[in-house]
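Visitor: I have just opened this entry and would like a quick tour. Could you take my questions one at a time?

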Amino acid sequence: MIYNTLSGRIEEFKPLEEGVVKLYTCGPTVYDYAHIGNFRSYVAEDLLKRFLKFLGYRVIHVMNITDVDDKTIAGARAEGISLKGFTAKYEKAFFEDIETLRLDKADYYPKATEHVEDMIKIIQGLLEKGYAYEKEGSIYFRISSFPEYGKLSKIKKEELKAGIRIDADEYEKEDVRDFALWKAKKPGEPSWPAPFGEGRPGWHIECSAMSMKYLGPTIDIHARGVDNIFPHHENEIAQSEAYTGKQFVRYWFHVQHLIVNGEKMSKSKGNFYTLRDLLSMGFSPRAIRYLLLTTHYRKVLNFTFDALYQATASLKRITDFLFELETRNFSDGQTEEARNMIEKTKKDFTAALLDDLNISGAIAAIFEMIHWGNKAMEGEKLKKKDAEQIKLLFYDLDRVLAILPEKIIEELPDEIMELIKKREEARKNRDFATADAIRDELFKKGIILEDTKEGTRWKIIKT
RNA sequence: GGCGGCGUAGCCAAGCGGUAAGGCAGCGGUCUGCAAAACCGUUAUUCGCCGGUUCGAAUCCGGCCGCCGCCUCCA
């Protein structure tokens, strides 16, 4: 069950081809470092994709890289370097960020500059069919030729006229609502040859071309932030469907925006954060992912540092639980109760996500498992096999969430281990002043010591 | 003005007609040399406000108030 912007309703999800999902997500325009608002979308899309895979679908995922447009051209010019040199830097940064946030890799990352041929082909086709026209070297899509224009954004094209601003370089259009497929060559701008004249592609056409090229005329899911509904996605539908005569996208998945402290994030307000900003402040990638992940994708996410601390603390409860499972001594055996609880957790988790990605319900299932498990451990009722099965469950569900640390138990350098030993000696001799001093010292280094019946154990503060 | 979304405890957040999940924070207790972790108890007679439908509404309908986004190639 998933919400489809096209119908405005929650619908049953059924891919065109059984067992296979064709997914296209609009990627970054590589002119700057991506900010957390961008990543809110990517993380939500990642949840969708990972969950589909979890359900057993084979997902073919394409994410485009926009490496030619007004902003990239302007950026390259400002730095006095080539367009390619300019975009390469941000493209590299983007892939690093993807890694940091554990976004599942797409199968293809096509670049606009490498698919100009494909775009030209479509534009040519649209010209031949009369959906497009040439004006002073540029090619525009004729909206009046596509009766269904507005079906996604529910905008009536007749009403679009009022108040619209006319770009200085575009006033030659037949109709102000028409959009550019191809922009005529301008001095100093990169351009490509085409049968209809040298120039560069418009923004909307790239998604259509690359989506069709890698996934065919009709795809299952197209995803991106809500602000792209109009005009970007609306235009994609128009040009694609006009060209192929087939439905372009079956399910439109739109992610709500992120705001910061109740306000729209913007550079002028000083509340603009890139992933890198947050990392340099010391927040862990997992906590950032957790925060972006755990608000339902159709709800505005109000980003605050308080929320980020809360995310960090929630995550700690999860990892502390796994730590217990890892370090406690359990007696052999397995219990029926644990088995039932594990089954229930998996069932509840899946059922929640099946309901239009109800992440809160899914997370609640995990915390209910944790509470049950902690309680069972408190009463020494959990057996060895139970603990193992619960761990397996958590790593199984983490295929969807991707929030668990790679290692639960950390290795410490020898000199630290020496200190821990020294402290244990001190404690044995009831020299608590020395013991506490060592504990404080290590805490400052990010190591937490905990004294249990089974001896002293340590954790590294990471989240 | 048009289109869309939201308003649930100090904070984050489920709920989709049957009597308020979950997380964070706080408070009291157990455990501990002290902590930490964990556990037990506690924190919304109430879901922006006002009406209506119903045996019964946070959930449905009407009105009002407040907030956010899009309608400009900003995700």
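Visitor: Which residues does Phe 303 touch, not counting residues up to four places away in sequence?

Guide: This is a predicted model, where local features need pLDDT of at least 70, side-chain atom pairs count only at pLDDT 80 or more, and totals for chains, interfaces and linings use all residues. Residues are numbered from 1 along each chain as its sequence is written, chains are lettered from A and ligands numbered from 1 in the order written, and side-chain values use heavy atoms, leaving out hydrogens and water. Contact means heavy atoms within 4.5 Å. By that test, Phe 303 touches Ile 36, Leu 258, Ile 259, Val 260, Asn 261, Tyr 273, Leu 278, Leu 291 and Leu 308.

Visitor: Which residues have the most contacts inside the largest nonpolar core?

Guide: A nonpolar core is a set of buried Ala, Val, Leu, Ile, Met, Phe, Trp, Tyr and Cys residues joined through side-chain atoms within 4.5 Å. Buried means under 20% relative accessible area, with a 1.4 Å probe and protein chains only. The largest such core has 127 residues, and those with the most contacts inside it are Phe 303 and Phe 394.

Visitor: Which helix gives the most to this core?

Guide: Helices are DSSP runs of H or I, at least four residues, and strands are runs of E, at least two, numbered from the N terminus. With 10 residues, the helix that gives the most to this core is α1.

Visitor: What is the strand order in the open sheet?

Guide: Two strands pair if DSSP finds at least two bridges between them. The edge strands, each pairing on one side only, are β4 (58-63) and β10 (249-255). The sheet has 4 strands with parallel pairing, in the order β4-β3-β9-β10.

Visitor: How are α4 and α6 placed relative to each other?

Guide: Axes are lines fitted to C-alpha atoms, for helices over the stretch in contact, and angles run from 0 to 180 degrees between N-to-C directions. The axes of α4 (residues 116-128) and α6 (residues 229-244) come within 9 Å and cross at roughly 70°. Angles of 65 to 115 degrees count as roughly perpendicular. Therefore α4 and α6 are roughly perpendicular to each other.

Visitor: What separates the centres of domain 2 and domain 3?

Guide: Domain bounds come from an automatic or database domain assignment. Chain A is divided into domain 1 (2-255), domain 2 (275-401) and domain 3 (414-460). Taken over C-alpha atoms, the centres of domain 2 and domain 3 are separated by 28 Å.

Methods
Buried < 20%, exposed > 50% of the residue type's maximum accessible area, 1.4 Å probe, protein only. Parallel < 35°, antiparallel > 145°, perpendicular 65-115°, else oblique.
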